[in-house]
Amino acid sequence: PSSISEEISNAKRLFPSVQVLTATRSFLIATYERTPYTRIKTTLTFPDNYPSHPLIVNIDQDAVVPPGLKKKLEKELNSLAADKSAKSRDEQQFDQVRVVWERLVSFV
């Protein structure tokens, strides 16, 4: 992908089980629900100078995700995005959404 919109489209194709609620050039809100009891809602914020600056991942608080797990998962997902943004352009910096969703889906 070479733009935020291409990156989001690509991630949606790869992860049809992730439901995108809102997507703009600034942020993306999505939910992943494996069962009614395993649902995670995330907000991905695309900062200025994205993708050379990593996207910011926030897990929305609800009864499904306890606070300690929320913090741990956010830290891990933000770290994955930061690692991807540090790669050279040749290694597809516009791939952070996929990397984050891949880990999120495997986690849940």
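Two strands are said to pair if DSSP finds at least two bridges between them. Helices (H or I, at least four residues) and strands (E, at least two) are DSSP runs, numbered from the N terminus.

This is a predicted model, in which local features need pLDDT of at least 70, side-chain atom pairs count only at pLDDT 80 or more, and totals for chains, interfaces and linings use all residues. Residues are numbered from 1 along each chain as its sequence is written, and side-chain values use heavy atoms, with hydrogens and water left out.

Four strands, in the order β1-β2-β3-β4, form an open sheet with antiparallel pairing. β1 and β4 are its edge strands, each pairing on one side only. Two of the pairings are set out below.

| Strand pair | Sense | Bridges | A bridge pair |
|---|---|---|---|
| β2 (27-35) and β3 (38-45) | antiparallel | eight | Ile29 and Thr43 |
| β3 (38-45) and β4 (56-59) | antiparallel | four | Thr45 and Ile56 |

A hairpin of two residues links β2 to β3. Tyr32 stands opposite Ile40 in β3. Helix α2 (residues 67-85) packs on the sheet and touches β3 and β4, where contact means heavy atoms within 4.5 Å. Helix α3 also packs on the sheet, touching β1, β2, β3 and β4.

Helix α1 (residues 4-14) has as its buried residues Ile4, Glu7, Ile8, Asn10 and Ala11. Seen down the axis of α1, these fall within an arc of 165°, so they line one face of the helix; the arc is that of the directions from the helix axis to the C-beta atoms. Ser5 and Arg13, on the other side of α1, are exposed. Buried means under 20% relative accessible area and exposed over 50% (1.4 Å probe, protein chains only). The cover over the buried residues of α1 includes β1 (18-23), β2 and α3 (96-107).

Conventions: Axes are lines fitted to C-alpha atoms, for helices over the stretch in contact, and angles run from 0 to 180 degrees between N-to-C directions.
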